[in-house]
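Here's a quick tour of a fold, meant to be read with the model open on your screen. Have a look at the picture, then work through the notes below.

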Amino acid sequence: MTRLTIDEAQQRIRLFLTGDMVEALRAVDYESPPLADRPSGLTLEAARRAAVRFSHVEGASDCLYRVDAFEESLVMRLQLNVRRFVAIYQVPVADPVASATISPHFERWAIGAGHAGWTIGWRDGADPWQPDRRVVETYCYAMLPEDFLDNPLEQLYWRTDLVQMTRAFMLEARRMGIRLAAPQGM
């Protein structure tokens, strides 16, 4: 295993969060070609429909995203601390809705995420831009292999899984009638 310097590790984390993940998240929503008896030739790059905006401070191990897909906007934060990966989804709520109300609607989604290696948690919180606005935050934790930053296949696995997990979260929210509107000004 190659030993990275701290600067190299921070650079790879930045590229993963602001390059690889941004491009990957654009495939949360994609056009499907019609059923046919042979491959369509449509590439995922050409078919993707999600828009992604992000905010990142160089040297930080986290990045804030707004994913616009399925006529919704999801605010999410990713944290990558060398080999600990955390995804946080933010859902705006109003009384009497809280994490105990929301989480049962995502039970099937949480089971699938658990099978892929994520541990899921829920908490009530406030929108950091509008403190009087309540949110439910869904925390998804995963421990990555020690060589994650050097292992392209592991990076592909977790990047692809996070895209699929985000897609499933947004579709489940849509199915349940749960709005994912993003804060203004992002």
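Let's start with Trp 158, which sits in helix α5 (helices here are DSSP runs of H or I with at least four residues, strands are runs of E with at least two, and both are numbered from the N terminus). What you have is a predicted model, in which local features need pLDDT of at least 70 and side-chain atom pairs count only at pLDDT 80 or more, while totals for chains, interfaces and linings use all residues. Residues are numbered from 1 along each chain as its sequence is written, and side-chain values use heavy atoms, with hydrogens and water left out.

**Trp 158 and its surroundings**

- Trp 158 has a relative accessible area of 6%, so it counts as buried (buried means under 20% relative accessible area, exposed over 50%, and partly exposed in between, using a 1.4 Å probe and protein chains only).
- Leaving aside residues up to four places away in sequence, Trp 158 touches Phe 85, Ala 116, Gly 117, Trp 118, Ala 142, Met 143, Leu 144, Pro 145 and Phe 148 (contact means heavy atoms within 4.5 Å).
- Val 57 is another story: Trp 158 and Val 57 are 101 residues apart in sequence, and their C-alpha atoms are 22 Å apart in space.

**Aromatic pairs**

- The structure holds 13 aromatic pairs (rings of Phe, Tyr and Trp, the last by its six-membered ring, pair if their centres lie within 6.5 Å; planes under 30 degrees apart count as stacked, over 60 as edge-to-face and the rest as tilted).
- Take Phe 106 and Trp 122: their ring centres are 5.7 Å apart and their planes meet at 40°, so this pair is tilted.
- That pair links distant parts of the chain, with Phe 106 in the loop between α3 (99-102) and α4 (107-116) and Trp 122 in strand β5 (residues 119-126), 16 residues apart.
- Phe 106 is buried at 0% relative accessibility, whereas Trp 122 is partly exposed at 24%.
- Tyr 157 and Trp 158 also pair up, this time edge-to-face, at 5.0 Å centre to centre with 90° between the planes.
- Tyr 157 is partly exposed, with a relative accessible area of 38%.
- Phe 16, Phe 85, Trp 118, Phe 148, Tyr 157 and Trp 158 form one aromatic cluster.

**The sheet**

- There's an open sheet of 6 strands in the order β1-β2-β3-β4-β6-β5, with antiparallel pairing (two strands pair if DSSP finds at least two bridges between them).
- β1 and β5 stand at the edges with a single partner strand each, so one side of each has no neighbour in the sheet.
- On average, neighbouring strands of this sheet are turned by 25° against each other, direction ignored (axes are lines fitted to C-alpha atoms, for helices over the stretch in contact, and angles run from 0 to 180 degrees between N-to-C directions).
- Strand β1 (residues 51-55) is joined to β2 by 5 bridges, and Ser 55 has Leu 64 as its bridge partner in β2.
- The hairpin of β1 and β2 has 6 residues between the strands, and Gly 59 there takes a positive phi near 95°.
- β2 pairs with strand β3 (residues 72-81) over 8 bridges, and Asp 68 stands opposite Ser 73 in β3.
- In the hairpin of β2 and β3, with 2 residues between the strands, Phe 70 takes a positive phi near 55°.
- β3 and β4 pair over 7 bridges, with Leu 78 opposite Ala 87 in β4.
- Why is strand β2 (residues 62-69) largely enclosed by the rest of the structure? Because 6 of its 8 residues are buried.

**The helices on the sheet**

- Helix α1 (residues 6-25) has 20 residues and reaches 27 Å from its first C-alpha to its last, close to the 28 Å expected (the expected span is 1.5 Å times one less than the number of residues).
- α1 has a kink of about 35° centred on Phe 16 (the bend at a residue is the angle between axes fitted to the seven residues ending there and the seven starting there).
- The buried residues of α1 include Ile 13, Phe 16, Leu 17 and Met 21, and the helix's buried residues pack against β1, β2, β3, β4 (84-92) and α5.
- α5 lies across β2, β3, β4, β5 and β6 (134-143), running at about 15° to β4.
- Gln 164 is in helix α5 (residues 152-176) and is partly exposed at 40% relative accessibility.
- The C-alpha atoms of Gln 164 and Ala 27 are separated by 8.9 Å, with the two residues 137 apart along the chain.
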